Amino acid sequence: MHKFAASAFALTLFQFSLGAHMAFAADATVPVKAIMDATVSNWAGGDSDWQDIFGEDKLKEIYSKDFGAKYQAAAQFPAADEDGISPFDYDVIVNAQDACPLEDVKIDAQPPKNNVTEVLATFKKSTCMGSDADYQKVTTVRFEVVEEGGRPVVDDIVTNDDNGNPSSLKSVMVDLVKQQQQQPTDQTQQPSDQQKPANPQ
């Protein structure tokens with residue numbers, strides 16, 4: 001009787017644990033869906049306003065603290081774009097400066113691994129540019145989702161570069177800050193003899 005009760009308890013515990021993992025895996029798509037909905041809207045055409053996926057509210061709500069800190073550090077060096085705020089001069093989700101209305105958008109959460117749930121977003125971004133096979137390719141973006149403060153948040157966004165190699169957006173932001181900080185300071189400073197006031201006559 002005791003063995004049966006112990007087995008039943010173990011089974012219940014296993015089911016609860018499995019259910020918790022499955023629930024988190026499902027919830028992990030929530031912040032990704034918010035990002036993808038905004039991206040789909042941005043490339044849909046029409047008169048709708050451009051949605052900043054890194055707006056202040058979104059940074060607090062759908063990204064991890066570490067991601068938010070790295071973005072804010074990179075944002076101190078805005079790209080030469082219209083808003084003068086973003087550190088990027090391209091859309092980091094479509095990984096380009098231009099795209100078509102996104103087609104065949106799918107979002108799928110993978111099984112959690114080491115407290116990280118990878119959520120895959122797939123879509124076609126270039127179908128309006130032509131019928132060639134290159135324009136029909138499916139783009140895959142990997143979102144690394146973690147639990148923070150009791151809710152799922154995006155901790156990194158991984159895309160593939162032109163050679164098919166994975167590129168972490170957090171690493172891109174860190175490198176951007178390093179490159180800017182290593183810029184020669186003499187480009188903005190005048191020679192010391194020009195900085196001194198003229199001697200009174």
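**Group meeting: the sheet and the helices packed on it**

Let me start with the sheet: five strands make an open sheet, ordered β1-β2-β3-β4-β5, with antiparallel pairing. Two strands count as paired if DSSP finds at least two bridges between them. Helices (H or I, at least four residues) and strands (E, at least two) are DSSP runs, numbered from the N terminus. At the edges stand β1 (103–109) and β5, each with a single partner strand, so one side of each has no neighbour in the sheet. From one strand to the next, the twist averages 25°.

Before going on, the provenance. This is a predicted model, with residues numbered from 1 along each chain as its sequence is written. Local features need pLDDT of at least 70, side-chain atom pairs count only at pLDDT 80 or more, totals for chains, interfaces and linings use all residues, and side-chain values use heavy atoms, with hydrogens and water left out.

Now the overall layout. The protein has six helices and five strands. Read from the N terminus, the elements go α-α-α-α-β-β-β-β-β-α-α. Of the 201 residues, 30% are buried; buried means under 20% relative accessible area, exposed over 50%, and partly exposed in between, with a 1.4 Å probe and protein chains only. Among contacts with a separation of 6 or more, 53% are between residues 24 or more positions apart. Contact here means heavy atoms within 4.5 Å.

Let me walk across the sheet. Strands of a sheet pair through backbone hydrogen bonds, either parallel or antiparallel. β1 and β2 run antiparallel and are joined by five bridges. In that pair, Asp108 stands opposite Leu120 of β2.

β2 (residues 117–124) is in turn joined to β3 by seven bridges, again antiparallel. Two positions to look at are Glu118, which stands opposite Glu144 in β3, and Val119, whose bridge partner in β3 is Phe143. β2 is mostly covered, with six of its eight residues buried.

On β3, take Thr139. Is Thr139 buried or exposed? Thr139 is buried, at a relative accessible area of 17%. Leaving out residues up to four places away in sequence, Thr139 touches Ala121, Thr122, Phe123 and Lys125.

Next, β3 (residues 139–148) and β4 run antiparallel, with seven bridges joining them. Arg142 has Val158 as its bridge partner in β4. The two strands form a hairpin with two residues between them, and Gly149 in the turn has a positive phi of about 65°.

Eight of the ten residues of β4 are buried, so the strand is largely enclosed by the rest of the structure. β4 also pairs with β5 (residues 166–168), in the antiparallel sense and over three bridges. The hairpin of β4 and β5 has five residues between the strands, and Gly164 in it takes a positive phi near 85°.

That brings us to the helices, and to α4 (residues 65–74). Which residues of α4 are buried? They are Phe67, Gly68, Tyr71 and Ala74. Seen down the axis of α4, these residues fall within an arc of 130°, so they line one face of the helix; the arc is that of the directions from the helix axis to the C-beta atoms. An α-helix has 3.6 residues a turn, so residues three or four places apart point the same way.

What do the buried residues of α4 pack against? They pack against α3 (56–61), β4 (151–160) and α5 (169–181).

Take the last of these partners. α4 and α5 pack at an angle of about 35°, with their axes 9 Å apart. Axes are lines fitted to C-alpha atoms, for helices over the stretch in contact, and angles run from 0 to 180 degrees between N-to-C directions. The crossing of α4 and α5 is left-handed, meaning that the near helix is turned anticlockwise from the far one by less than a right angle. On the α4 side, the residues are Asp66, Phe67, Lys70, Tyr71, Ala73 and Ala74, and these meet Leu169, Lys170, Met173, Val174, Leu176 and Val177 in α5. By type, the residues of this contact are nine nonpolar, no polar and three charged. Ala, Val, Leu, Ile, Met, Phe, Trp, Tyr, Cys and Pro count as nonpolar, Asp, Glu, Lys and Arg as charged, and the others, Gly among them, as polar.
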